[in-house]
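Let's walk through this structure together, strand by strand and then ring by ring. Keep the sequence beside the 3D view as you read.

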Amino acid sequence: MGFTRPLFSRALALPLAGVLVVGALTAFSAPRAVADTKAPTPVSSEALPTVQVDGVVWTQTVIGHTVYAGGSFAQTQVAGARPSWPKTPRSNLLAYDVDTGELIPGFAPVVNGQVLGLAASPDGSRLYAVGDFTSVNGASRSRIVALDPATGAVIPSFAPVLNTTAIAVAAKGSRVYVGGGFTSVSGATRSRAAAFDLNGNVLPWAPQPAGGVVRAIVVSPDSSKAVIGGSFTSTNGQTAPGRGMAAVDTGAGRSLPWAAGKVIHNGGVVNGPTWTDTGDASSAIYSLSTLGNIVYATGQATSTSWQDANLEGMVAMRWTDGSIQWLEDCHGDTYSSVPFDDAVYVASHSHNCSTLGSFGEMTSDAHRAIGFSQSATQTLQHNTQQGPGSYQDFFGMPAPSLVDFYPTFLVGTYTGAYQAAWSVTQGAGYLLYGGEFQQVNGARQTGLVRFKGYPDTSTGVVEVPTPTPTPTATATPTPGTSTPPAAGSRPKRVGTPDAIALGPSKVAVRWSAPKGATADKVSGYVVTAYKGSKSVKRVSVGRTARLATLSGLSRSTTYRIGVAAKNGNGAGTTSSLDTVKTRASGPNVSPTKKPSKVTKPASSAKTTSIRVRWKGAGASGALPVSKYQVRVVLRGKTVKVVQVDDRLRAKLMANLKRHTSYSVSVRAGNWAGWGSWSTSRSSRTR
């Protein structure tokens, strides 16, 4: 059970006490077979230093390598700072560098109320913020604003007027979708959900959620439908589906079939106070996120009746019809989720995941950040907390597995809700949590923290897989008879590349092929360096290349690097640009040379853990070491791999078996990839 995020003030009303009753499970049509038993590679639990805030962070979004964080706060400090250390003012909205965690000084808009939702425009040229503010940088803005993400300046052409708080915002194509508690936008009647064009004009989209607020909105990849989530009790007059979650078209907002809505019903209060415009109900679909063909919804339930809500965990659903791919029913409200690498991570206060064969009831605290596989790997066990006043039993439904990601958070005091992390997002290879926590892994860190992802691929390129529940059959071309690209057709856009300085005059850049590369007959790539808006260096490489170097550059100079795929009809649109700064001095190093082999580590064992210690790896002629992995092997099988920051030289490998001999080893990684594993050290737990 959990707490409701405040909508209109810093204070939080305490929630109604209560739990859920076992209910019958109906309208479930997803297959019960296990989809995939391969365990995901978890993000490192090592917390990275990040700018701190003196309040709470409700929301974050990423544009390039810049993270924007909104919430209720007035001051920031450097990572790990004590309360008495110097402070930098920020009014409910800030930006920081995703790679360093440091506050960006040039972005400092003045927002006179808390920011509850953020979204970037698809081209990264705008940052949309919603909340309960009425003024931004001295300009009148009623609960929604569009900002220049570089300067924080208000974009004057976008100025809708909402009559009360907005909580959710999503930008797709040329539309901006907004949800909250409002009933009027720019003089037009809208029931807690509305859409605008890029000039702030109200669009016809007008679904009718009633009885609660809209907390979350996601739009399908083809822009044909949207899913809304919140505490509302009906949508367009329907309650199943339509209670707490509904799928609607993006034209007028008409209801669409959504199978999960007949199984999950989080919304409103049945045996408690009714929802009003000055507060929120006690149960809701608290957040929505999406990746490829899948929508993820998280649940909050604090009511006194199981009819009010039946999910505190997360459900994965297919965009096609809302059918359930899997469900995790860990006890403890789940406030936010994000797919990242090959897992899905949540911000929650999960205190019992026994139905997934994991940890039982935690009496003293809870896990504030955990992760799950993106695929179903098992089926749910019976919920043992059954009977009146208990949780629903989802026995037999497909379920994911937990991944080995258990950072510890110290709860905050700002909202009075005894919570820690409220939101999670990802960008540029990092997992990003926001909230009101005061410590992470025992070290002072308030409100914001980063964790580094590390998929181990042969190319070093991080690619997020797209879940595809039902593969679509396609014709197999006959070798040597591939259809050439249509006349005038050029390749699709390459994703944002990853550039790094090799020295004072040279940079390296890598990328992945655009979708449809084979059909578009990609014949090569053009890599361009820009200084300001001027192209200063360009190289062409073959169709199989995913790495290029640019030489003859100026020292200590910032460049922007883009990549475009080409075919017989010419080059396609250049990718979004990555920024890199050449070094001030020193030799140019190799972009493909990996770190040297780590020397044999030392170890010391306890009953269920082994502490591994090692010396730093060499990187002569290569890019610096940026990470280490520690591996535990039992009888030739790897049982645990954990990544740590390059500054560390020790790691405690916990949750091992007693009286058991393990082998431990370490390897170093840099931008080029992972070096060889060290010679193993044998260590036996007590």
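A residue is called buried when its relative accessible area is under 20%, exposed when it is over 50%, and partly exposed in between, using a 1.4 Å probe and protein chains only. Strands (E, at least two residues) and helices (H or I, at least four) are DSSP runs numbered from the N terminus. This is a predicted model, in which local features need pLDDT of at least 70 and side-chain atom pairs count only at pLDDT 80 or more, while totals for chains, interfaces and linings use all residues. Residues are numbered from 1 along each chain as its sequence is written, and side-chain values use heavy atoms, with hydrogens and water left out.

Let's begin with strand β2, residues 56-63. Here 8 of the 8 residues are buried, so β2 is largely enclosed by the rest of the structure. Two strands pair if DSSP finds at least two bridges between them. By that rule β2 pairs with β3 (residues 66-72) in the antiparallel sense, over 7 bridges, and V62 stands opposite V67 in β3. The two strands form a hairpin with 2 residues between them, and G64 in the turn has a positive phi of about 65°.

Now move to an open sheet of 3 strands, in the order β27-β28-β29 with antiparallel pairing. The edge strands, each pairing on one side only, are β27 (334-340) and β29 (367-373). From one strand to the next, the twist averages 25°, where axes are lines fitted to C-alpha atoms (for helices over the stretch in contact) and angles run from 0 to 180 degrees between N-to-C directions. Between β27 and β28 (residues 343-350) there are 6 bridges, and V338 stands opposite Y345 in β28.

What does a search of the whole structure find by way of disulfides? It finds 1 disulfide, the term being used for a pair of cysteine sulfur atoms within 2.5 Å. The partners are C330 and C353, with sulfur atoms 2.0 Å apart. C330 lies in the loop between β26 (324-328) and β27, and C353 in the loop between β28 and β29, so the bond ties together parts that are 23 residues apart in sequence. The torsion about the S-S bond is about 120°, so this disulfide is right-handed. Both cysteines are buried.

Aromatic rings come next. Rings of Phe, Tyr and Trp (its six-membered ring) pair if their centres lie within 6.5 Å; planes under 30 degrees apart count as stacked, over 60 as edge-to-face and the rest as tilted. The whole structure holds 18 such pairs. One of them, Y296 with W326, is tilted, at 6.0 Å centre to centre and 45° between the planes. Y296 lies in β24 (residues 294-301) and W326 in β26, so the pair ties together parts 30 residues apart in sequence. Y296 has a relative accessible area of 0%, and W326 is likewise buried, at 0%. F409 and F437 form an edge-to-face pair, 4.9 Å centre to centre with 70° between the planes. Ring pairs also link F340, Y345, F405, F409, Y433, F437 and F451 into a cluster.
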